[in-house]
Amino acid sequence: MKRPDISRELLGRRFQNPLLLAAGTAGFGRELNGILELDRVGGLVTKAVSLQPRQGNVAPRVAEFRGGMLNSVGLANPGVEQVRNEFLPWLSHRLRRAQVLVNVVGFTVEEYGEVVRRLDGLPAITAFELNLSCPNTSAGGIEFGADVGCVQRIVSVCRDRTRLPLVAKLSPLLPDIGAVAVAARDAGADAITAVNTLPGLLFDHEGERRLGHGNGGISGPALLPLGILAVSRIVDRTGGMPVIGVGGVRSAADVRQYLRAGAALVAVGTAALADPHLPERIVHDLERDGV
Ligand SMILES: Cc1cc2nc3c(=O)[nH]c(=O)nc-3n(C[C@H](O)[C@H](O)[C@H](O)COP(=O)(O)O)c2cc1C
(Lines give C-alpha, C1' and ligand atoms only; values in the text may rest on other atoms or scores of the structure.)
Protein backbone atom coordinates (compact mmCIF):
# COMPACT_ATOMS: atom_id res chain seq x y z
CA MET A 1 0.00 0.00 0.00
CA LYS A 2 1.28 3.46 -0.91
CA ARG A 3 2.03 5.57 2.15
CA PRO A 4 0.76 9.17 2.30
CA ASP A 5 3.46 11.73 1.63
CA ILE A 6 4.29 13.54 4.87
CA SER A 7 7.80 14.45 3.80
CA ARG A 8 9.35 17.87 4.18
CA GLU A 9 12.37 19.68 2.79
CA LEU A 10 14.86 20.99 5.28
CA LEU A 11 18.61 21.59 5.45
CA GLY A 12 18.80 20.95 1.72
CA ARG A 13 17.42 17.41 2.07
CA ARG A 14 14.13 15.59 2.00
CA PHE A 15 12.99 14.19 5.34
CA GLN A 16 10.45 11.45 4.62
CA ASN A 17 8.53 12.42 7.77
CA PRO A 18 9.06 14.98 10.57
CA LEU A 19 10.18 12.51 13.27
CA LEU A 20 13.81 12.31 14.41
CA LEU A 21 15.47 10.21 17.10
CA ALA A 22 16.97 12.69 19.60
CA ALA A 23 20.71 12.97 20.27
CA GLY A 24 22.10 10.51 22.77
CA THR A 25 19.03 8.32 22.89
CA ALA A 26 19.69 6.25 19.74
CA GLY A 27 23.48 5.89 20.01
CA PHE A 28 24.95 5.78 16.49
CA GLY A 29 22.05 3.77 15.12
CA ARG A 30 23.86 0.43 15.31
CA GLU A 31 22.67 -0.01 18.87
CA LEU A 32 19.09 -0.14 17.54
CA ASN A 33 19.78 -2.49 14.65
CA GLY A 34 17.22 -5.30 14.67
CA ILE A 35 15.13 -3.48 17.29
CA LEU A 36 13.84 -0.50 15.32
CA GLU A 37 13.52 -0.05 11.53
CA LEU A 38 15.80 2.99 11.33
CA ASP A 39 14.72 3.80 7.79
CA ARG A 40 11.15 4.44 8.99
CA VAL A 41 12.02 7.67 10.81
CA GLY A 42 12.79 11.03 9.23
CA GLY A 43 16.24 10.97 10.72
CA LEU A 44 18.57 10.09 13.53
CA VAL A 45 20.69 12.46 15.59
CA THR A 46 23.81 10.67 16.81
CA LYS A 47 25.19 10.68 20.31
CA ALA A 48 27.53 13.60 20.98
CA VAL A 49 30.90 13.21 19.26
CA SER A 50 33.97 14.74 20.93
CA LEU A 51 37.54 15.06 19.74
CA GLN A 52 38.85 12.43 22.18
CA PRO A 53 37.06 9.23 23.28
CA ARG A 54 35.19 9.68 26.57
CA GLN A 55 34.33 7.04 29.15
CA GLY A 56 31.54 9.15 30.58
CA ASN A 57 30.37 9.41 34.18
CA VAL A 58 30.18 6.76 36.89
CA ALA A 59 27.02 4.66 37.28
CA PRO A 60 24.17 5.00 37.96
CA ARG A 61 23.75 7.27 34.95
CA VAL A 62 19.97 7.45 34.85
CA ALA A 63 17.23 7.75 37.46
CA GLU A 64 13.51 7.76 36.73
CA PHE A 65 10.99 9.97 38.49
CA ARG A 66 7.30 10.66 37.87
CA GLY A 67 7.89 13.54 35.45
CA GLY A 68 10.52 11.73 33.40
CA MET A 69 14.17 10.90 33.84
CA LEU A 70 17.38 12.37 35.18
CA ASN A 71 20.57 11.40 33.32
CA SER A 72 24.23 12.07 33.55
CA VAL A 73 25.91 10.00 30.86
CA GLY A 74 28.85 12.41 30.71
CA LEU A 75 28.98 12.53 26.89
CA ALA A 76 30.45 8.99 26.66
CA ASN A 77 31.46 8.33 23.05
CA PRO A 78 34.25 6.64 21.06
CA GLY A 79 35.73 9.94 19.81
CA VAL A 80 35.77 11.49 16.35
CA GLU A 81 38.26 9.10 14.70
CA GLN A 82 36.31 5.94 15.42
CA VAL A 83 33.04 7.65 14.58
CA ARG A 84 34.48 8.73 11.23
CA ASN A 85 36.10 5.38 10.39
CA GLU A 86 33.50 2.97 11.71
CA PHE A 87 30.18 4.35 12.94
CA LEU A 88 29.33 6.77 10.13
CA PRO A 89 30.31 4.36 7.31
CA TRP A 90 27.98 1.80 8.94
CA LEU A 91 25.12 4.31 8.89
CA SER A 92 25.88 5.32 5.33
CA HIS A 93 25.79 1.68 4.22
CA ARG A 94 22.69 0.84 6.22
CA LEU A 95 20.35 3.81 5.67
CA ARG A 96 18.51 4.54 2.42
CA ARG A 97 15.98 7.16 3.50
CA ALA A 98 16.57 8.38 7.07
CA GLN A 99 18.81 11.45 7.37
CA VAL A 100 21.73 11.62 9.80
CA LEU A 101 22.56 14.61 11.97
CA VAL A 102 25.82 14.35 13.90
CA ASN A 103 25.71 15.85 17.39
CA VAL A 104 29.01 17.60 18.19
CA VAL A 105 30.55 18.64 21.52
CA GLY A 106 33.75 20.34 22.51
CA PHE A 107 35.35 21.48 25.73
CA THR A 108 36.85 24.52 24.01
CA VAL A 109 35.52 26.53 21.06
CA GLU A 110 38.28 25.12 18.84
CA GLU A 111 37.36 21.53 19.69
CA TYR A 112 33.92 21.99 18.15
CA GLY A 113 35.54 23.25 14.97
CA GLU A 114 38.04 20.41 14.90
CA VAL A 115 35.37 17.70 15.26
CA VAL A 116 33.40 19.31 12.43
CA ARG A 117 36.51 19.62 10.24
CA ARG A 118 37.38 15.95 10.67
CA LEU A 119 33.87 14.81 9.75
CA ASP A 120 33.20 17.34 7.02
CA GLY A 121 32.07 15.95 3.70
CA LEU A 122 31.35 12.38 4.84
CA PRO A 123 28.48 11.10 2.71
CA ALA A 124 26.45 9.89 5.71
CA ILE A 125 26.04 13.37 7.18
CA THR A 126 23.08 15.65 6.47
CA ALA A 127 24.01 18.30 9.07
CA PHE A 128 25.90 18.93 12.29
CA GLU A 129 23.94 19.59 15.47
CA LEU A 130 26.11 21.61 17.88
CA ASN A 131 25.41 20.65 21.49
CA LEU A 132 25.94 24.00 23.20
CA SER A 133 25.04 22.63 26.66
CA CYS A 134 28.60 21.45 27.18
CA PRO A 135 30.76 22.92 29.98
CA ASN A 136 33.38 25.42 28.81
CA THR A 137 36.51 24.20 30.61
CA SER A 138 38.29 27.51 30.08
CA ALA A 139 35.44 29.46 31.76
CA GLY A 140 35.04 27.47 34.97
CA GLY A 141 32.66 24.90 33.50
CA ILE A 142 29.81 27.26 32.62
CA GLU A 143 27.80 26.02 29.63
CA PHE A 144 28.88 27.51 26.29
CA GLY A 145 25.24 28.10 25.44
CA ALA A 146 24.76 30.41 28.43
CA ASP A 147 26.96 33.05 26.79
CA VAL A 148 25.80 34.60 23.53
CA GLY A 149 29.40 35.46 22.55
CA CYS A 150 30.46 31.81 23.00
CA VAL A 151 27.50 30.61 20.96
CA GLN A 152 28.48 32.93 18.13
CA ARG A 153 32.14 31.93 18.28
CA ILE A 154 31.34 28.20 18.18
CA VAL A 155 28.92 28.58 15.30
CA SER A 156 31.26 30.75 13.28
CA VAL A 157 34.30 28.52 13.88
CA CYS A 158 32.24 25.54 12.71
CA ARG A 159 30.88 27.57 9.78
CA ASP A 160 34.46 28.07 8.60
CA ARG A 161 35.12 24.32 8.75
CA THR A 162 32.20 22.97 6.74
CA ARG A 163 29.66 23.75 4.04
CA LEU A 164 27.18 21.31 5.57
CA PRO A 165 24.22 22.82 7.44
CA LEU A 166 24.72 23.70 11.11
CA VAL A 167 22.00 23.29 13.74
CA ALA A 168 22.57 25.00 17.11
CA LYS A 169 21.04 23.03 20.00
CA LEU A 170 20.02 25.27 22.87
CA SER A 171 19.33 24.79 26.57
CA PRO A 172 15.88 25.58 27.98
CA LEU A 173 17.54 27.46 30.84
CA LEU A 174 18.31 30.58 28.81
CA PRO A 175 16.49 33.71 29.98
CA ASP A 176 15.95 34.80 26.34
CA ILE A 177 16.20 31.77 24.07
CA GLY A 178 14.93 33.79 21.08
CA ALA A 179 17.84 36.21 21.34
CA VAL A 180 20.38 33.37 21.46
CA ALA A 181 18.74 31.77 18.41
CA VAL A 182 19.08 35.06 16.52
CA ALA A 183 22.75 35.26 17.54
CA ALA A 184 23.35 31.69 16.34
CA ARG A 185 21.62 32.44 13.04
CA ASP A 186 23.67 35.60 12.53
CA ALA A 187 26.86 33.59 13.11
CA GLY A 188 25.88 31.10 10.41
CA ALA A 189 23.50 28.52 11.92
CA ASP A 190 20.91 27.17 9.48
CA ALA A 191 18.51 25.86 12.12
CA ILE A 192 17.99 25.59 15.89
CA THR A 193 17.19 22.56 18.03
CA ALA A 194 15.22 23.33 21.19
CA VAL A 195 15.52 22.04 23.85
CA ASN A 196 18.28 20.16 25.61
CA THR A 197 17.77 18.78 29.13
CA LEU A 198 17.23 20.95 32.23
CA PRO A 199 19.57 20.58 35.22
CA GLY A 200 18.21 18.57 38.17
CA LEU A 201 19.10 16.58 41.29
CA LEU A 202 17.38 13.67 43.08
CA PHE A 203 18.07 11.85 46.36
CA ASP A 204 17.06 8.31 47.32
CA HIS A 205 15.38 7.25 50.58
CA GLU A 206 18.76 7.01 52.33
CA GLY A 207 19.58 10.57 51.37
CA GLU A 208 22.15 9.51 48.74
CA ARG A 209 22.26 11.20 45.34
CA ARG A 210 20.59 8.91 42.85
CA LEU A 211 23.11 9.55 40.06
CA GLY A 212 26.77 8.58 40.40
CA HIS A 213 27.75 12.02 39.12
CA GLY A 214 25.35 13.82 41.49
CA ASN A 215 23.27 16.15 39.35
CA GLY A 216 22.06 15.47 35.82
CA GLY A 217 19.71 16.53 33.05
CA ILE A 218 15.92 16.26 33.24
CA SER A 219 14.23 14.78 30.17
CA GLY A 220 10.86 13.25 29.37
CA PRO A 221 7.25 14.42 29.77
CA ALA A 222 8.04 17.30 32.16
CA LEU A 223 9.82 19.06 29.28
CA LEU A 224 6.92 19.04 26.81
CA PRO A 225 5.36 22.47 27.49
CA LEU A 226 8.80 24.01 28.04
CA GLY A 227 10.03 22.75 24.66
CA ILE A 228 6.89 23.90 22.87
CA LEU A 229 7.19 27.38 24.34
CA ALA A 230 10.88 27.56 23.40
CA VAL A 231 10.10 26.58 19.80
CA SER A 232 7.31 29.12 19.58
CA ARG A 233 9.56 31.91 20.92
CA ILE A 234 12.39 31.04 18.53
CA VAL A 235 10.11 30.89 15.51
CA ASP A 236 8.55 34.26 16.42
CA ARG A 237 11.81 35.98 17.23
CA THR A 238 13.72 34.73 14.17
CA GLY A 239 10.84 35.29 11.79
CA GLY A 240 10.47 31.64 10.92
CA MET A 241 13.93 30.07 11.16
CA PRO A 242 13.74 26.24 10.91
CA VAL A 243 13.49 24.70 14.39
CA ILE A 244 13.75 21.09 15.53
CA GLY A 245 11.50 20.65 18.55
CA VAL A 246 12.51 18.17 21.24
CA GLY A 247 11.48 17.48 24.81
CA GLY A 248 8.82 15.23 26.30
CA VAL A 249 7.39 13.72 23.11
CA ARG A 250 5.46 10.49 23.72
CA SER A 251 2.92 10.41 20.89
CA ALA A 252 1.91 11.75 17.48
CA ALA A 253 -0.30 14.25 19.34
CA ASP A 254 2.79 15.62 21.09
CA VAL A 255 4.57 15.89 17.72
CA ARG A 256 1.61 17.88 16.39
CA GLN A 257 1.88 20.28 19.35
CA TYR A 258 5.46 21.09 18.35
CA LEU A 259 4.46 21.45 14.69
CA ARG A 260 1.69 23.83 15.69
CA ALA A 261 4.27 25.95 17.55
CA GLY A 262 6.18 26.18 14.28
CA ALA A 263 8.71 23.33 14.49
CA ALA A 264 9.88 21.95 11.15
CA LEU A 265 10.92 18.58 12.62
CA VAL A 266 10.38 16.95 16.01
CA ALA A 267 12.63 14.55 17.92
CA VAL A 268 11.74 11.86 20.43
CA GLY A 269 14.25 10.80 23.09
CA THR A 270 13.48 9.44 26.55
CA ALA A 271 10.13 7.88 25.64
CA ALA A 272 11.83 5.79 22.94
CA LEU A 273 14.44 4.54 25.42
CA ALA A 274 11.61 2.96 27.42
CA ASP A 275 9.74 1.75 24.33
CA PRO A 276 12.00 1.32 21.26
CA HIS A 277 9.04 0.70 18.90
CA LEU A 278 7.42 4.01 19.82
CA PRO A 279 9.04 6.00 16.94
CA GLU A 280 7.58 3.55 14.37
CA ARG A 281 4.14 3.89 15.94
CA ILE A 282 4.37 7.69 15.94
CA VAL A 283 5.34 7.68 12.24
CA HIS A 284 2.46 5.29 11.53
CA ASP A 285 0.00 7.61 13.31
CA LEU A 286 1.33 10.71 11.55
CA GLU A 287 0.99 8.98 8.17
CA ARG A 288 -2.48 7.67 8.98
CA ASP A 289 -3.71 11.15 9.86
CA GLY A 290 -1.69 12.97 7.19
CA VAL A 291 0.24 14.49 10.17
C1 LIG B 1 20.36 9.36 28.03
C2 LIG B 1 20.38 10.69 27.30
C3 LIG B 1 21.51 11.06 26.60
C4 LIG B 1 21.53 12.28 25.91
N5 LIG B 1 22.65 12.64 25.20
C6 LIG B 1 22.67 13.79 24.47
C7 LIG B 1 23.78 14.13 23.65
O8 LIG B 1 24.74 13.36 23.53
N9 LIG B 1 23.75 15.33 22.99
C10 LIG B 1 22.68 16.19 23.09
O11 LIG B 1 22.69 17.27 22.47
N12 LIG B 1 21.57 15.87 23.81
C13 LIG B 1 21.56 14.70 24.50
N14 LIG B 1 20.44 14.36 25.24
C15 LIG B 1 19.27 15.26 25.22
C16 LIG B 1 18.20 14.78 24.22
O17 LIG B 1 18.69 14.78 22.89
C18 LIG B 1 16.95 15.66 24.29
O19 LIG B 1 17.29 16.99 23.97
C20 LIG B 1 16.30 15.65 25.69
O21 LIG B 1 16.40 14.37 26.28
C22 LIG B 1 14.81 16.05 25.64
O23 LIG B 1 14.06 15.14 24.85
P24 LIG B 1 13.19 13.92 25.50
O25 LIG B 1 12.37 14.52 26.60
O26 LIG B 1 12.37 13.38 24.36
O27 LIG B 1 14.18 12.92 26.02
C28 LIG B 1 20.40 13.14 25.93
C29 LIG B 1 19.25 12.74 26.64
C30 LIG B 1 19.23 11.54 27.33
C31 LIG B 1 17.98 11.14 28.06
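Analyst: Let us begin with what pairing means: two strands pair if DSSP finds at least two bridges between them. The model before you is a predicted one, and in it eight strands form a closed barrel that runs S3-S4-S7-S8-S11-S12-S15-S16, with parallel pairing. Neighbouring strands of this sheet are turned against each other by 25° on average, if direction is ignored.

User: In which sense do S3 and S16 pair, and over how many bridges?

Analyst: S3 and S16 pair in the parallel sense, and three bridges join them. You can find the place by looking for leucine 19, which stands opposite valine 266 in S16.

User: Which strands of the sheet does helix H3 touch?

Analyst: Helix H3, made of residues 148-161, packs on the sheet and touches strand S8 (127-131) and strand S11 (166-170), and its direction makes about 160° with that of S11. H8 also packs on the sheet, where it touches S3 and S16, and the direction of H8 makes about 170° with that of S3.

User: How should I read the two sides of a helix?

Analyst: The general idea is that an α-helix has 3.6 residues a turn, so residues three or four places apart point the same way. In helix H8 (residues 278-288), the residues Pro279, Ile282, Val283 and Leu286 are buried. They lie on the same side of H8 because the arc they cover around the axis is only 100°. These buried residues pack against strand S3 (19-21), helix H6 (252-260), strand S16 (265-268) and helix H7 (270-274). After H8 comes glycine 290, whose phi is positive, near 60°.

User: Which residues of helix H4 are buried, and why are they on the same side of H4?

Analyst: In helix H4 (residues 177-186), the buried residues are Ile177, Gly178, Val180, Ala181, Ala184 and Arg185. They cover an arc of only 160° around the axis, and therefore they are on the same side of H4. Their cover includes H3, S11, strand S12 (191-194) and helix H5 (224-238). H4, too, is followed by a glycine with positive phi, here glycine 188 with a value near 120°.

User: How many residues surround the ligand, and which are the closest?

Analyst: The ligand is surrounded by 26 residues, of which the closest are Gly24, Ala48, Ser219, Gly269 and Thr270. Strand S6 (68-71) and H7 are the elements that give two or more residues to this shell. By kind, the shell around the ligand divides into 11 nonpolar, 13 polar and two charged residues.

Key:
Residues numbered from 1 in each chain as written. Predicted model: local features only at pLDDT ≥ 70, side-chain atom pairs only at ≥ 80, totals over all residues. Buried ≥ 20, exposed ≤ 12 C-beta atoms within 10 Å, placed from the backbone. Helix = DSSP H or I, 4+ residues; strand = E, 2+ residues; numbered from the N terminus. Arc of directions from axis to C-beta. Contact = placed C-beta atoms within 7 Å. Near = placed C-beta within 6 Å. Nonpolar A, V, L, I, M, F, W, Y, C, P; charged D, E, K, R; others polar. Axes fitted to C-alpha atoms, helices over the stretch in contact; angles between N-to-C directions.
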